[in-house]
There are 2 protein chains.
Amino acid sequence: MSRLPEYLRALHALADAGHETVSSEGLASAVGVNSAKLRKDLSHLGSYGTRGVGYDVALLIDQISSVLGLTQCRAVALVGVGNLGHALAGYDGFASRGFRIAALLDADRSRVGEQINGLMVRHVDELPRVVAEESISIGVIATPAPAAQAVADQLVAVGVTSILNFAPCVLSVPEGVDVRKVDLAIELQILSFHEHRKASLTGGTALTALPGGLATPDTQEAIGT
Amino acid sequence: MSRLPEYLRALHALADAGHETVSSEGLASAVGVNSAKLRKDLSHLGSYGTRGVGYDVALLIDQISSVLGLTQCRAVALVGVGNLGHALAGYDGFASRGFRIAALLDADRSRVGEQINGLMVRHVDELPRVVAEESISIGVIATPAPAAQAVADQLVAVGVTSILNFAPCVLSVPEGVDVRKVDLAIELQILSFHEHRKASLTGGTALTALPGGLATPDTQEAIGT
DNA sequence: CGCGATTTGTGCACGTCTTCACAAGCGCCT
DNA sequence: AGGCGCTTGTGAAGACGTGCACAAATCGCG
(Lines give C-alpha, C1' and ligand atoms only; values in the text may rest on other atoms or scores of the structure.)
Protein backbone atom coordinates (compact mmCIF):
# COMPACT_ATOMS: atom_id res chain seq x y z
CA MET A 1 0.00 0.00 0.00
CA SER A 2 1.06 3.53 -0.68
CA ARG A 3 0.11 4.51 2.85
CA LEU A 4 2.94 2.62 4.47
CA PRO A 5 5.43 5.46 4.07
CA GLU A 6 3.04 7.78 5.85
CA TYR A 7 2.63 5.37 8.70
CA LEU A 8 6.38 5.10 8.87
CA ARG A 9 6.84 8.82 9.12
CA ALA A 10 4.25 9.13 11.85
CA LEU A 11 5.86 6.26 13.72
CA HIS A 12 9.23 7.93 13.60
CA ALA A 13 7.67 11.06 14.99
CA LEU A 14 6.09 9.04 17.79
CA ALA A 15 9.34 7.28 18.52
CA ASP A 16 11.12 10.62 18.77
CA ALA A 17 8.42 11.76 21.15
CA GLY A 18 9.25 8.84 23.40
CA HIS A 19 6.25 6.63 22.83
CA GLU A 20 6.83 2.92 23.23
CA THR A 21 3.48 1.74 21.95
CA VAL A 22 0.62 3.17 19.91
CA SER A 23 -2.96 2.18 19.56
CA SER A 24 -4.35 1.93 16.07
CA GLU A 25 -6.61 4.82 16.94
CA GLY A 26 -3.71 7.01 17.94
CA LEU A 27 -1.61 6.27 14.91
CA ALA A 28 -4.60 6.57 12.61
CA SER A 29 -5.46 10.03 13.81
CA ALA A 30 -1.82 11.08 13.53
CA VAL A 31 -1.83 10.07 9.88
CA GLY A 32 -5.38 11.15 9.23
CA VAL A 33 -6.98 7.86 8.25
CA ASN A 34 -9.64 5.54 9.59
CA SER A 35 -8.38 3.27 12.36
CA ALA A 36 -9.97 0.19 10.83
CA LYS A 37 -8.19 0.86 7.59
CA LEU A 38 -4.91 1.17 9.39
CA ARG A 39 -5.42 -2.07 11.27
CA LYS A 40 -6.30 -3.85 8.05
CA ASP A 41 -3.22 -2.48 6.34
CA LEU A 42 -1.01 -3.56 9.19
CA SER A 43 -2.57 -6.97 9.50
CA HIS A 44 -2.34 -7.41 5.76
CA LEU A 45 1.41 -7.12 5.93
CA GLY A 46 1.53 -9.67 8.74
CA SER A 47 2.51 -7.28 11.47
CA TYR A 48 1.52 -8.23 14.95
CA GLY A 49 0.26 -5.90 17.62
CA THR A 50 -0.85 -7.04 21.05
CA ARG A 51 -4.51 -6.76 21.89
CA GLY A 52 -5.35 -4.56 24.77
CA VAL A 53 -2.06 -2.70 24.39
CA GLY A 54 -1.42 -1.60 20.85
CA TYR A 55 1.56 -1.78 18.53
CA ASP A 56 5.19 -1.64 19.55
CA VAL A 57 6.50 1.45 17.83
CA ALA A 58 10.07 0.29 17.32
CA LEU A 59 8.98 -3.13 16.10
CA LEU A 60 6.51 -1.64 13.69
CA ILE A 61 9.12 0.71 12.30
CA ASP A 62 11.38 -2.26 11.62
CA GLN A 63 8.56 -4.22 10.03
CA ILE A 64 7.47 -1.46 7.69
CA SER A 65 11.03 -0.50 6.84
CA SER A 66 11.67 -4.09 5.95
CA VAL A 67 8.61 -4.35 3.75
CA LEU A 68 9.49 -1.13 1.98
CA GLY A 69 13.00 -2.36 1.40
CA LEU A 70 14.51 0.46 3.40
CA THR A 71 16.83 -1.75 5.39
CA GLN A 72 19.51 -0.90 2.89
CA CYS A 73 20.26 2.64 1.83
CA ARG A 74 19.20 2.94 -1.78
CA ALA A 75 21.26 4.92 -4.22
CA VAL A 76 19.44 7.20 -6.62
CA ALA A 77 20.69 8.92 -9.73
CA LEU A 78 19.33 12.37 -10.48
CA VAL A 79 19.20 13.37 -14.12
CA GLY A 80 18.70 17.03 -14.92
CA VAL A 81 20.33 19.64 -12.75
CA GLY A 82 18.17 22.58 -13.62
CA ASN A 83 16.08 24.57 -11.24
CA LEU A 84 14.27 21.64 -9.74
CA GLY A 85 17.19 19.25 -9.94
CA HIS A 86 19.30 21.66 -7.97
CA ALA A 87 16.75 21.77 -5.21
CA LEU A 88 16.37 18.01 -5.13
CA ALA A 89 20.12 17.56 -4.98
CA GLY A 90 20.24 19.80 -1.95
CA TYR A 91 17.12 18.47 -0.31
CA ASP A 92 18.09 16.84 2.96
CA GLY A 93 14.79 15.01 3.28
CA PHE A 94 16.13 12.17 1.17
CA ALA A 95 19.19 11.25 3.17
CA SER A 96 17.23 11.25 6.39
CA ARG A 97 14.83 8.68 4.98
CA GLY A 98 17.23 6.11 3.69
CA PHE A 99 18.06 7.45 0.26
CA ARG A 100 21.41 8.62 -1.00
CA ILE A 101 21.74 10.75 -4.07
CA ALA A 102 24.70 9.00 -5.55
CA ALA A 103 25.02 10.75 -8.86
CA LEU A 104 24.05 13.95 -10.63
CA LEU A 105 23.80 13.92 -14.40
CA ASP A 106 22.94 16.43 -17.06
CA ALA A 107 23.00 16.61 -20.83
CA ASP A 108 24.24 20.18 -20.84
CA ARG A 109 28.05 19.98 -20.98
CA SER A 110 28.35 23.48 -19.59
CA ARG A 111 26.94 22.17 -16.36
CA VAL A 112 29.18 19.13 -16.20
CA GLY A 113 31.84 19.49 -13.56
CA GLU A 114 29.76 21.74 -11.36
CA GLN A 115 29.78 20.85 -7.68
CA ILE A 116 26.47 20.59 -5.85
CA ASN A 117 26.37 19.54 -2.25
CA GLY A 118 29.71 17.86 -2.58
CA LEU A 119 28.73 15.92 -5.66
CA MET A 120 30.04 16.59 -9.13
CA VAL A 121 27.70 16.82 -12.10
CA ARG A 122 28.62 14.29 -14.77
CA HIS A 123 27.44 13.99 -18.32
CA VAL A 124 24.43 11.82 -18.93
CA ASP A 125 26.42 9.67 -21.35
CA GLU A 126 28.33 8.32 -18.37
CA LEU A 127 25.13 6.77 -17.09
CA PRO A 128 26.16 3.14 -17.68
CA ARG A 129 29.38 3.54 -15.73
CA VAL A 130 27.71 5.54 -12.95
CA VAL A 131 24.94 3.00 -12.49
CA ALA A 132 27.40 0.16 -12.29
CA GLU A 133 29.77 1.95 -9.93
CA GLU A 134 27.15 3.22 -7.52
CA SER A 135 24.69 0.35 -7.88
CA ILE A 136 21.88 2.74 -8.61
CA SER A 137 18.43 1.36 -8.03
CA ILE A 138 16.26 4.39 -8.69
CA GLY A 139 16.44 7.09 -11.30
CA VAL A 140 14.97 10.56 -10.88
CA ILE A 141 14.15 12.59 -13.96
CA ALA A 142 14.14 16.35 -13.45
CA THR A 143 14.70 17.42 -17.02
CA PRO A 144 12.47 19.48 -19.29
CA ALA A 145 9.62 17.48 -20.77
CA PRO A 146 11.06 17.03 -24.27
CA ALA A 147 14.16 15.30 -22.90
CA ALA A 148 12.41 13.09 -20.40
CA GLN A 149 11.55 10.17 -22.67
CA ALA A 150 15.10 9.87 -23.97
CA VAL A 151 16.49 9.91 -20.45
CA ALA A 152 13.98 7.29 -19.39
CA ASP A 153 15.05 5.10 -22.27
CA GLN A 154 18.65 5.45 -21.23
CA LEU A 155 17.85 4.62 -17.64
CA VAL A 156 15.92 1.54 -18.67
CA ALA A 157 18.68 0.49 -21.02
CA VAL A 158 21.21 0.37 -18.19
CA GLY A 159 18.91 -1.63 -15.96
CA VAL A 160 17.11 0.90 -13.80
CA THR A 161 13.62 -0.40 -13.10
CA SER A 162 12.22 2.40 -10.92
CA ILE A 163 11.84 5.95 -12.11
CA LEU A 164 10.53 9.06 -10.44
CA ASN A 165 9.50 11.53 -13.11
CA PHE A 166 9.14 15.24 -12.47
CA ALA A 167 8.81 16.17 -16.11
CA PRO A 168 5.27 17.01 -17.18
CA CYS A 169 4.82 14.23 -19.70
CA VAL A 170 3.84 10.59 -19.93
CA LEU A 171 6.74 8.19 -20.12
CA SER A 172 6.50 5.00 -22.07
CA VAL A 173 8.55 2.22 -20.54
CA PRO A 174 8.77 -1.54 -20.90
CA GLU A 175 6.76 -3.78 -18.67
CA GLY A 176 8.39 -4.37 -15.33
CA VAL A 177 9.61 -0.82 -14.98
CA ASP A 178 7.77 1.29 -12.43
CA VAL A 179 7.23 4.96 -13.03
CA ARG A 180 5.85 7.43 -10.57
CA LYS A 181 5.04 10.90 -11.71
CA VAL A 182 5.05 14.12 -9.75
CA ASP A 183 3.67 17.09 -11.62
CA LEU A 184 3.61 20.23 -9.56
CA ALA A 185 1.40 22.14 -11.96
CA ILE A 186 -1.20 19.39 -11.87
CA GLU A 187 -1.41 19.63 -8.11
CA LEU A 188 -2.08 23.31 -8.40
CA GLN A 189 -4.70 22.74 -11.06
CA ILE A 190 -6.52 20.30 -8.82
CA LEU A 191 -6.54 22.89 -6.07
CA SER A 192 -7.75 25.43 -8.56
CA PHE A 193 -10.61 23.12 -9.42
CA HIS A 194 -11.70 22.88 -5.82
CA GLU A 195 -11.28 26.59 -5.37
CA HIS A 196 -13.42 27.20 -8.43
CA ARG A 197 -16.03 24.77 -7.19
CA LYS A 198 -16.17 26.41 -3.80
CA ALA A 199 -16.47 29.83 -5.36
CA SER A 200 -19.32 28.83 -7.64
CA LEU A 201 -21.34 27.41 -4.79
CA THR A 202 -23.48 30.51 -5.02
CA GLY A 203 -26.41 29.47 -2.89
CA GLY A 204 -24.22 27.57 -0.50
CA THR A 205 -23.34 28.32 3.08
CA ALA A 206 -21.48 31.49 2.27
CA LEU A 207 -18.18 31.64 4.13
CA THR A 208 -18.91 29.22 6.92
CA ALA A 209 -15.74 29.87 8.83
CA LEU A 210 -15.26 33.58 8.84
CA PRO A 211 -15.19 34.51 12.53
CA GLY A 212 -11.67 35.06 13.72
CA GLY A 213 -10.11 31.80 14.71
CA LEU A 214 -9.87 28.65 12.70
CA ALA A 215 -12.98 26.66 13.43
CA THR A 216 -12.95 22.95 14.18
CA PRO A 217 -9.39 21.96 13.33
CA ASP A 218 -10.41 18.55 12.12
CA THR A 219 -8.07 15.84 11.05
CA GLN A 220 -6.72 16.20 7.56
CA GLU A 221 -9.60 15.96 5.20
CA ALA A 222 -9.50 13.66 2.25
CA ILE A 223 -10.15 15.36 -1.03
CA GLY A 224 -12.13 13.23 -3.41
CA THR A 225 -12.43 13.58 -7.14
CA MET B 1 -11.62 14.14 -11.40
CA SER B 2 -7.92 14.46 -10.85
CA ARG B 3 -7.27 13.27 -14.38
CA LEU B 4 -8.58 16.43 -16.00
CA PRO B 5 -5.28 18.27 -15.72
CA GLU B 6 -3.57 15.43 -17.52
CA TYR B 7 -6.11 15.51 -20.30
CA LEU B 8 -5.59 19.22 -20.53
CA ARG B 9 -1.86 18.89 -20.90
CA ALA B 10 -2.21 16.26 -23.59
CA LEU B 11 -4.74 18.42 -25.39
CA HIS B 12 -2.39 21.37 -25.39
CA ALA B 13 0.28 19.16 -26.87
CA LEU B 14 -2.12 18.01 -29.55
CA ALA B 15 -3.18 21.56 -30.30
CA ASP B 16 0.45 22.59 -30.70
CA ALA B 17 0.89 19.68 -33.07
CA GLY B 18 -1.87 21.11 -35.22
CA HIS B 19 -4.66 18.64 -34.55
CA GLU B 20 -8.17 19.99 -34.82
CA THR B 21 -9.99 17.00 -33.42
CA VAL B 22 -9.11 13.92 -31.38
CA SER B 23 -10.81 10.62 -30.93
CA SER B 24 -11.21 9.37 -27.41
CA GLU B 25 -8.92 6.53 -28.34
CA GLY B 26 -6.19 8.88 -29.47
CA LEU B 27 -6.36 11.12 -26.45
CA ALA B 28 -6.61 8.17 -24.12
CA SER B 29 -3.47 6.55 -25.43
CA ALA B 30 -1.66 9.88 -25.21
CA VAL B 31 -2.51 10.13 -21.55
CA GLY B 32 -2.17 6.44 -20.86
CA VAL B 33 -5.69 5.58 -19.76
CA ASN B 34 -8.58 3.49 -20.98
CA SER B 35 -10.62 5.17 -23.70
CA ALA B 36 -13.91 4.25 -22.04
CA LYS B 37 -12.75 5.89 -18.84
CA LEU B 38 -11.81 9.02 -20.69
CA ARG B 39 -15.16 9.18 -22.45
CA LYS B 40 -16.94 8.71 -19.18
CA ASP B 41 -14.91 11.46 -17.55
CA LEU B 42 -15.62 13.83 -20.40
CA SER B 43 -19.30 13.03 -20.55
CA HIS B 44 -19.52 13.38 -16.81
CA LEU B 45 -18.48 17.00 -17.04
CA GLY B 46 -21.04 17.61 -19.77
CA SER B 47 -18.60 18.01 -22.59
CA TYR B 48 -19.89 17.25 -26.02
CA GLY B 49 -17.96 15.51 -28.73
CA THR B 50 -19.45 14.63 -32.09
CA ARG B 51 -19.99 10.98 -32.84
CA GLY B 52 -18.16 9.66 -35.80
CA VAL B 53 -15.63 12.49 -35.57
CA GLY B 54 -14.26 12.93 -32.09
CA TYR B 55 -13.68 15.90 -29.85
CA ASP B 56 -12.83 19.39 -30.95
CA VAL B 57 -9.46 20.04 -29.37
CA ALA B 58 -9.82 23.77 -28.88
CA LEU B 59 -13.33 23.46 -27.53
CA LEU B 60 -12.32 20.74 -25.12
CA ILE B 61 -9.42 22.82 -23.87
CA ASP B 62 -11.81 25.65 -23.14
CA GLN B 63 -14.29 23.34 -21.44
CA ILE B 64 -11.73 21.72 -19.18
CA SER B 65 -10.00 25.00 -18.42
CA SER B 66 -13.34 26.41 -17.44
CA VAL B 67 -14.17 23.48 -15.16
CA LEU B 68 -10.77 23.69 -13.52
CA GLY B 69 -11.21 27.39 -13.00
CA LEU B 70 -8.20 28.25 -15.10
CA THR B 71 -9.91 30.94 -17.10
CA GLN B 72 -8.47 33.43 -14.70
CA CYS B 73 -4.80 33.41 -13.75
CA ARG B 74 -4.62 32.37 -10.13
CA ALA B 75 -2.18 34.00 -7.79
CA VAL B 76 -0.27 31.79 -5.40
CA ALA B 77 1.76 32.69 -2.36
CA LEU B 78 4.85 30.63 -1.67
CA VAL B 79 5.90 30.37 1.95
CA GLY B 80 9.38 29.09 2.70
CA VAL B 81 12.21 30.11 0.43
CA GLY B 82 14.65 27.38 1.30
CA ASN B 83 16.08 24.87 -1.06
CA LEU B 84 12.80 23.69 -2.46
CA GLY B 85 11.08 27.05 -2.28
CA HIS B 86 13.83 28.57 -4.37
CA ALA B 87 13.33 25.98 -7.06
CA LEU B 88 9.58 26.42 -7.04
CA ALA B 89 9.94 30.18 -7.28
CA GLY B 90 12.06 29.75 -10.36
CA TYR B 91 10.04 26.97 -11.90
CA ASP B 92 8.58 28.20 -15.16
CA GLY B 93 6.09 25.36 -15.37
CA PHE B 94 3.66 27.32 -13.22
CA ALA B 95 3.38 30.47 -15.26
CA SER B 96 2.83 28.51 -18.44
CA ARG B 97 -0.14 26.74 -16.91
CA GLY B 98 -2.08 29.67 -15.62
CA PHE B 99 -0.51 30.26 -12.25
CA ARG B 100 1.37 33.29 -11.09
CA ILE B 101 3.60 33.22 -8.10
CA ALA B 102 2.58 36.53 -6.65
CA ALA B 103 4.45 36.52 -3.37
CA LEU B 104 7.41 34.91 -1.65
CA LEU B 105 7.42 34.75 2.11
CA ASP B 106 9.76 33.42 4.74
CA ALA B 107 10.03 33.53 8.51
CA ASP B 108 13.78 33.96 8.41
CA ARG B 109 14.43 37.70 8.49
CA SER B 110 17.88 37.24 7.00
CA ARG B 111 16.19 36.07 3.82
CA VAL B 112 13.71 38.91 3.67
CA GLY B 113 14.56 41.39 0.94
CA GLU B 114 16.26 38.82 -1.24
CA GLN B 115 15.29 38.97 -4.91
CA ILE B 116 14.27 35.75 -6.64
CA ASN B 117 13.13 35.80 -10.22
CA GLY B 118 12.23 39.46 -9.93
CA LEU B 119 10.21 38.96 -6.79
CA MET B 120 11.23 40.15 -3.36
CA VAL B 121 11.03 37.88 -0.34
CA ARG B 122 8.83 39.38 2.36
CA HIS B 123 8.37 38.38 5.95
CA VAL B 124 5.62 35.91 6.67
CA ASP B 125 4.02 38.37 9.11
CA GLU B 126 3.03 40.45 6.10
CA LEU B 127 0.80 37.64 4.94
CA PRO B 128 -2.49 39.45 5.58
CA ARG B 129 -1.47 42.46 3.54
CA VAL B 130 0.03 40.35 0.77
CA VAL B 131 -3.03 38.18 0.42
CA ALA B 132 -5.29 41.19 0.22
CA GLU B 133 -3.11 43.07 -2.25
CA GLU B 134 -2.51 40.21 -4.62
CA SER B 135 -5.82 38.42 -4.12
CA ILE B 136 -4.05 35.17 -3.38
CA SER B 137 -6.17 32.09 -3.84
CA ILE B 138 -3.65 29.32 -3.19
CA GLY B 139 -0.89 28.96 -0.64
CA VAL B 140 2.15 26.77 -1.11
CA ILE B 141 4.06 25.59 1.94
CA ALA B 142 7.69 24.76 1.36
CA THR B 143 8.95 25.17 4.88
CA PRO B 144 10.55 22.58 7.15
CA ALA B 145 8.01 20.25 8.75
CA PRO B 146 7.97 21.84 12.22
CA ALA B 147 6.92 25.21 10.83
CA ALA B 148 4.31 23.92 8.41
CA GLN B 149 1.34 23.77 10.76
CA ALA B 150 1.86 27.32 11.98
CA VAL B 151 2.09 28.59 8.43
CA ALA B 152 -1.03 26.68 7.48
CA ASP B 153 -2.87 28.26 10.39
CA GLN B 154 -1.78 31.69 9.26
CA LEU B 155 -2.86 31.01 5.70
CA VAL B 156 -6.24 29.81 6.84
CA ALA B 157 -6.60 32.78 9.15
CA VAL B 158 -6.25 35.22 6.25
CA GLY B 159 -8.77 33.37 4.14
CA VAL B 160 -6.75 31.01 1.96
CA THR B 161 -8.77 27.86 1.37
CA SER B 162 -6.42 25.85 -0.81
CA ILE B 163 -2.99 24.73 0.30
CA LEU B 164 -0.29 22.76 -1.41
CA ASN B 165 1.98 21.28 1.23
CA PHE B 166 5.51 20.10 0.52
CA ALA B 167 6.45 19.67 4.15
CA PRO B 168 6.52 16.05 5.29
CA CYS B 169 3.77 16.26 7.86
CA VAL B 170 0.02 16.11 8.20
CA LEU B 171 -1.68 19.46 8.38
CA SER B 172 -4.81 19.96 10.39
CA VAL B 173 -7.12 22.51 8.87
CA PRO B 174 -10.74 23.55 9.29
CA GLU B 175 -13.41 22.02 7.19
CA GLY B 176 -13.73 23.67 3.82
CA VAL B 177 -10.01 24.07 3.36
CA ASP B 178 -8.41 21.77 0.82
CA VAL B 179 -4.92 20.47 1.36
CA ARG B 180 -2.87 18.54 -1.13
CA LYS B 181 0.37 17.03 -0.04
CA VAL B 182 3.46 16.31 -2.08
CA ASP B 183 6.10 14.36 -0.23
CA LEU B 184 9.09 13.58 -2.36
CA ALA B 185 10.54 11.07 0.07
CA ILE B 186 7.31 9.12 0.10
CA GLU B 187 7.41 8.78 -3.65
CA LEU B 188 10.87 7.33 -3.41
CA GLN B 189 9.81 4.95 -0.67
CA ILE B 190 6.99 3.65 -2.80
CA LEU B 191 9.44 3.02 -5.60
CA SER B 192 11.73 1.34 -3.11
CA PHE B 193 8.88 -0.93 -2.16
CA HIS B 194 8.31 -2.02 -5.72
CA GLU B 195 12.03 -2.43 -6.24
CA HIS B 196 12.22 -4.57 -3.13
CA ARG B 197 9.29 -6.65 -4.27
CA LYS B 198 10.77 -7.20 -7.69
CA ALA B 199 14.10 -8.18 -6.16
CA SER B 200 12.58 -10.71 -3.80
CA LEU B 201 10.68 -12.45 -6.56
CA THR B 202 13.36 -15.12 -6.39
CA GLY B 203 11.71 -17.83 -8.41
CA GLY B 204 10.14 -15.37 -10.78
CA THR B 205 10.85 -14.78 -14.42
CA ALA B 206 14.37 -13.54 -13.88
CA LEU B 207 15.04 -10.41 -15.87
CA THR B 208 12.40 -10.71 -18.52
CA ALA B 209 13.54 -7.78 -20.55
CA LEU B 210 17.28 -8.07 -20.82
CA PRO B 211 17.95 -8.27 -24.56
CA GLY B 212 19.17 -4.97 -25.89
CA GLY B 213 16.31 -2.72 -26.74
CA LEU B 214 13.40 -1.77 -24.59
CA ALA B 215 10.81 -4.42 -25.17
CA THR B 216 7.18 -3.58 -25.77
CA PRO B 217 7.05 0.14 -24.98
CA ASP B 218 3.59 -0.09 -23.57
CA THR B 219 1.55 2.81 -22.46
CA GLN B 220 2.39 4.10 -19.03
CA GLU B 221 1.63 1.35 -16.59
CA ALA B 222 -0.48 2.01 -13.59
CA ILE B 223 1.15 1.02 -10.35
CA GLY B 224 -1.26 -0.41 -7.86
CA THR B 225 -0.80 -0.77 -4.13
C1' DC C 1 -31.29 9.81 -50.60
C1' DG C 2 -29.55 5.74 -48.36
C1' DC C 3 -25.80 3.01 -46.56
C1' DG C 4 -21.65 1.91 -44.20
C1' DA C 5 -17.75 3.28 -41.43
C1' DT C 6 -16.58 5.44 -37.37
C1' DT C 7 -16.93 7.26 -32.86
C1' DT C 8 -19.43 8.89 -28.80
C1' DG C 9 -22.24 8.01 -24.76
C1' DT C 10 -23.72 4.67 -21.39
C1' DG C 11 -25.93 0.45 -19.01
C1' DC C 12 -24.11 -3.40 -16.65
C1' DA C 13 -21.05 -6.37 -14.33
C1' DC C 14 -16.89 -6.98 -11.83
C1' DG C 15 -13.19 -6.18 -8.69
C1' DT C 16 -11.24 -3.13 -5.22
C1' DC C 17 -11.22 -0.16 -1.44
C1' DT C 18 -13.55 1.56 2.61
C1' DT C 19 -16.18 1.34 6.72
C1' DC C 20 -18.88 -0.61 10.39
C1' DA C 21 -19.46 -3.76 13.87
C1' DC C 22 -18.18 -7.42 16.68
C1' DA C 23 -15.77 -11.58 18.38
C1' DA C 24 -11.26 -12.96 20.25
C1' DG C 25 -7.33 -12.00 23.01
C1' DC C 26 -4.39 -9.56 26.32
C1' DG C 27 -3.15 -7.20 30.62
C1' DC C 28 -4.34 -5.30 34.98
C1' DC C 29 -6.71 -4.99 39.24
C1' DT C 30 -8.93 -7.03 42.92
C1' DA D 1 -7.61 -16.88 40.02
C1' DG D 2 -11.26 -14.43 37.97
C1' DG D 3 -13.39 -10.63 35.91
C1' DC D 4 -13.26 -6.27 33.46
C1' DG D 5 -11.79 -2.88 30.22
C1' DC D 6 -9.23 -2.04 26.28
C1' DT D 7 -7.43 -3.11 21.71
C1' DT D 8 -6.55 -5.97 17.74
C1' DG D 9 -8.01 -8.67 13.86
C1' DT D 10 -11.57 -9.69 10.58
C1' DG D 11 -16.22 -10.86 8.30
C1' DA D 12 -19.72 -8.58 5.80
C1' DA D 13 -21.95 -4.77 3.67
C1' DG D 14 -21.67 -0.80 1.06
C1' DA D 15 -19.49 2.70 -1.95
C1' DC D 16 -16.58 3.59 -5.55
C1' DG D 17 -13.95 3.23 -9.69
C1' DT D 18 -13.01 0.47 -13.88
C1' DG D 19 -13.70 -1.80 -18.23
C1' DC D 20 -16.51 -4.22 -21.61
C1' DA D 21 -19.79 -4.17 -24.98
C1' DC D 22 -23.30 -2.20 -27.52
C1' DA D 23 -26.94 1.19 -29.05
C1' DA D 24 -27.35 5.86 -30.91
C1' DA D 25 -25.63 9.36 -33.78
C1' DT D 26 -22.88 11.64 -37.26
C1' DC D 27 -20.23 12.15 -41.60
C1' DG D 28 -18.83 10.89 -46.25
C1' DC D 29 -19.70 8.65 -50.45
C1' DG D 30 -22.06 6.51 -54.13
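1. Strands E5(B) and E6(B) pair in the antiparallel sense over two bridges (two strands pair if DSSP finds at least two bridges between them). The two form a hairpin with two residues between them, and Asn117(B) in the turn has a positive phi of about 55°. Helices (H or I, at least four residues) and strands (E, at least two) are DSSP runs, numbered from the N terminus.

2. A word on the model: it is predicted, local features need pLDDT of at least 70, side-chain atom pairs count only at pLDDT 80 or more, and totals for chains, interfaces and linings use all residues. Residues are numbered from 1 along each chain as its sequence is written, while chains are lettered from A and ligands numbered from 1 in the order in which they are written.

3. On its other pairing, E6(B) (residues 119-123) runs parallel to E4(B) (residues 99-106), joined by three bridges. Here Leu105(B) has Arg122(B) of E6(B) as its bridge partner.

4. Which chain does chain B touch? In all, 69 residues of chain B are in contact with 69 residues of chain A (contact: C-beta atoms, placed from the backbone, within 7 Å). H8(B) gives the largest share of chain B's side, 14 residues. That side divides into 35 nonpolar, 21 polar and 13 charged residues. Ala, Val, Leu, Ile, Met, Phe, Trp, Tyr, Cys and Pro count as nonpolar, Asp, Glu, Lys and Arg as charged, and the others, Gly among them, as polar.

5. Finally, DNA strand C is surrounded by 24 residues, the closest being Asn34(A), Gly52(A), Ser24(B), Arg51(B) and Gly52(B) (near: C-beta atom, placed from the backbone, within 6 Å). H3(B) supplies the largest share of this surface, five residues. By class, the surface has seven nonpolar, 10 polar and seven charged residues.

Methods. Two residues are in contact if their C-beta atoms, placed from the backbone, lie within 7 Å.
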